[in-house]
Amino acid sequence: MVEHKFSATIRALRDGGVDFILVGGLAAVLSGAPVDTYDVDIVQSRERENVERLLAVLNSLDAIFRIQPERRLRPTASYVSGPGHLNLVTRYGPLDVLGTIADGLAYGDLLPHSREVDIGSGLMVRVLDLETLIKIKEHVGGDKDRLVLPILRRTLEEKKKLGQ
Amino acid sequence: MDEDIEAPLPDYSADGVDLSLIRWMLSLTPAERLEFAEDRANDILAIRALNGGT
């Protein structure tokens with residue numbers, strides 16, 4: 001069993017100079033929502049230089065596609081520069097690299113709806129805000145999204161009460 | 001005098017969400033939330049592995 005090390009994954013991406021926004025369950029957790037999550041979901045900048053930096057980090061983490069792991073298929077520049085979703089597993093656990101989310105929202109679209117969060121030892125990570133996360137999950141409307149939406153909405157309400 | 005007594009905060013929302021858990025999470029720093037999520041994911045996966053991966 002691969003031990004999940006969310007912070008190590010994030011640190012490797014930051015140390016590698018990768019521009020990305022943390023989205024999904026871990027973004028919800030960092031915003032204070034008590035939800036379970038098992039992977040790191042990121043939307044990456046698809047600028048050529050960033051794709052190169054991201055590929056270097058993925059290689060250093062031994063990233064392969066989660067589907068058919070026995071084939072040990074590695075992501076390539078054409079995958080990482082595209083709008084699709086790459087469901088990978090690294091030595092630190094699952095990592096989803098998402099070129100776009102919802103209806104084609106890319107890194108540049110999400111940037112104004114994100115903020116830098118200190119996740120310890122001065123490590124900063126850009127995280128999608130809870131309001132946008134809720135809107136996206138409402139739009140996507142999958143079973144898993146519908147289950148978690150009440151928790152996200154109530155978390156947002158409690159944060160506003162606390163002035164967070 | 002009665003109006004001076006603060007009503008306790010409800011533990012659950014009308015749609016059944018545990019508000020006390022949310023308030024507890026919000027009392028943590030982002031670093032502590034991340035550590036909790038990481039530990040919880042590993043604990044659950046370990047339990048699953050002990051039960052044959054189900």
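A residue is called buried if 20 or more other C-beta atoms lie within 10 Å of its own, exposed if 12 or fewer do, and partly exposed in between, with C-beta atoms placed from the backbone. By that rule, 38% of the 164 residues of chain A count as buried. This is a predicted model, in which local features need pLDDT of at least 70, side-chain atom pairs count only at pLDDT 80 or more, and totals for chains, interfaces and linings use all residues. Residues are numbered from 1 along each chain as its sequence is written, while chains are lettered from A and ligands numbered from 1 in the order in which they are written.

**Figure 1. Chain A has 7 helices and 7 strands.** Helices (H or I, at least four residues) and strands (E, at least two) are DSSP runs, numbered from the N terminus. In that direction the elements of chain A follow the order α-β-α-β-α-β-α-β-β-α-β-β-α-α. The C-alpha atoms fill a box of roughly 45 × 35 × 35 Å along the principal axes. A compact globule of 164 residues would have a radius of gyration near 15 Å, and the 15 Å of chain A agrees with this. The radius is taken over C-alpha atoms, and the globule rule is 2.2 Å times the number of residues to the power 0.38.

**Figure 2. Helix α3 of chain A covers residues 48–60.** From first C-alpha to last, the 13 residues of α3(A) reach 19 Å, close to the 18 Å expected at 1.5 Å a residue; the expected span is 1.5 Å times one less than the number of residues. Buried in α3(A) are A:Val51, A:Leu54, A:Leu55, A:Val57 and A:Leu58. They lie on the same side of α3(A) because they cover an arc of only 165 degrees around the axis, the arc being that of the directions from the helix axis to the C-beta atoms. A:Glu49 and A:Asn59, on the other side, are exposed. The buried residues pack against α1 (6–15), β2 (40–44) and α4 (77–80) of chain A. After α3(A) comes A:Asp62, with a positive phi near 55 degrees.

**Figure 3. A:Val127 lies in strand β7 of chain A, residues 124–128.** Is A:Val127 buried or exposed? A:Val127 is buried, because 22 other C-beta atoms lie within 10 Å. Two residues are in contact if their C-beta atoms, placed from the backbone, lie within 7 Å. Leaving aside neighbours within four places in sequence, A:Val127 is in contact with A:Leu22, A:Ala27, A:Leu30, A:Ser114, A:Arg115 and A:Val117. A:Ala28 is 99 residues from A:Val127 in sequence, but their C-alpha atoms are 8.9 Å apart in space.

**Figure 4. Chain B has 2 helices and 0 strands.** The C-alpha trace of chain B spans about 60 × 25 × 15 Å along its principal axes. Its radius of gyration is 18 Å, whereas a compact globule of 54 residues would have one near 10 Å. Of those 54 residues, 15% count as buried.

**Figure 5. Chain B touches chain A through 20 of its residues, which contact 27 residues of chain A.** Two elements of chain B, α1 (19–27) and α2 (30–50), each give two or more residues to this side. The largest share, 11 residues, comes from α2(B). The model scores ipTM 0.92 and pTM 0.92.
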